[in-house]
Amino acid sequence: MFYGEIEYRKINAKNHALTAPLVWRDDVGLIRVKKGFTFDGASIPRALWSLVGSPFTGDYTRAACLHDALYASELLSRHAADLLFFQAMLSDGVRYSKAAVMYCAVRVGGWFVWRKHTPKSIKEGCKYVEITTR
């Protein structure tokens, strides 16, 4: 479950930056996304915004930020990050059917983002994520 609300500010037409840490805790441990992390919300095609919502309008915003941070840092496998995205959406009250569709979408399309990572971009992503396991 998440601790606290997500706090962020718009930095340009696509990206936002956390103005306070985002914290997730579950049975495995704690994940802290640090202030300053830049994210682009849920990657929802514009044609689907009327059905699903825009990148920053749904109950999935905290889950999307957490997912973006886990992708950027590669501290978890892509599959584990996608599963956590699904769990985080459910925790925030997203309907199961909607969370399942969004999970399937990141499983299908997430590799486009994942394969573009470089050692430099991963190192930068790691600056913003702390994982503490039990």
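In which helix does Trp111 lie? The answer is helix H4, which covers residues 96-114. The structure is a predicted model, in which local features need pLDDT of at least 70 and side-chain atom pairs count only at pLDDT 80 or more, while totals for chains, interfaces and linings use all residues. Residues are numbered from 1 along each chain as its sequence is written, and side-chain values use heavy atoms, with hydrogens and water left out.

Read from the N terminus on, the elements follow the order β-β-β-β-β-β-α-α-α-α-α-β. The accessible surface is about 7700 Å², and 58% of it belongs to carbon and sulfur atoms; accessible areas come from the Shrake-Rupley method with a 1.4 Å probe, and for residues only the protein chains shown count as cover. Of the 134 residues, 41% count as buried. Here buried means under 20% relative accessible area, exposed means over 50%, and partly exposed lies in between (1.4 Å probe, protein chains only). Among contacts (heavy atoms within 4.5 Å) between residues at least 6 apart in sequence, 56% join residues at least 24 apart.

The buried residues of H4 are Lys98, Ala99, Met102, Tyr103, Val106, Gly110 and Trp114. Trp111, by contrast, is partly exposed, with a relative accessible area of 39%. Together with Phe112 and Val113, Trp111 makes a nonpolar surface patch of about 290 Å². Patches are made of residues with over 30% relative accessible area and no salt bridge, with like charges joined within 9 Å and nonpolar side chains (Val, Leu, Ile, Met, Phe, Trp, Tyr) within 5 Å.

Helix H2 is mostly covered, with 12 of its 13 residues buried; among them are Cys65, Leu66, His67 and Tyr71. Its end C-alpha atoms are 18 Å apart, which agrees with the 18 Å that 13 residues should span at 1.5 Å a residue. His67, which lies in H2 (residues 61-73), has a relative accessible area of 7% and is therefore buried. Beyond its neighbours within four places in sequence, His67 is in contact with Ala81, Asp82, Phe85 and Val106. Just after H2, Glu74 takes a positive phi of about 55°.

The side chains of Arg78 and Asp82 meet in a salt bridge at 3.9 Å, N to O; a salt bridge is a side-chain nitrogen of Lys or Arg within 4 Å of a carboxyl oxygen of Asp or Glu. Both residues lie in helix H3 (residues 78-91), four residues apart, about one turn of the helix. An α-helix has 3.6 residues a turn, so residues three or four places apart point the same way. Arg78 counts as buried at 16% relative accessibility, and Asp82 counts as buried at 0%.

The structure holds seven salt bridges. Another of these pairs is Lys34 with Glu130, whose closest N and O atoms are 3.4 Å apart. This pair links distant parts of the chain, 96 residues apart: Lys34 is in the loop between strand S5 (29-33) and strand S6 (38-39), and Glu130 is in strand S7. Lys34 is partly exposed at 25%, and Glu130 is partly exposed at 34%. Glu124 and Lys127 also meet through their side chains in a salt bridge, at 3.0 Å, N to O. Elsewhere, salt bridges that share partners join Arg32, Lys34 and Glu130 into one network.

Tyr128 brings the account back to Lys34. Tyr128 sits in the loop between helix H5 (119-126) and strand S7 (129-133) and is partly exposed, with a relative accessible area of 24%. Not counting residues up to four places away in sequence, Tyr128 touches Arg32, Val33, Lys34, Lys35, Gly36 and Phe37. Tyr128 and Ala72 are 56 residues apart in sequence and 9.1 Å apart in space, C-alpha to C-alpha.

Technical notes
Helix = DSSP H or I, 4+ residues; strand = E, 2+ residues; numbered from the N terminus. Expected span 1.5 Å × (residues − 1).
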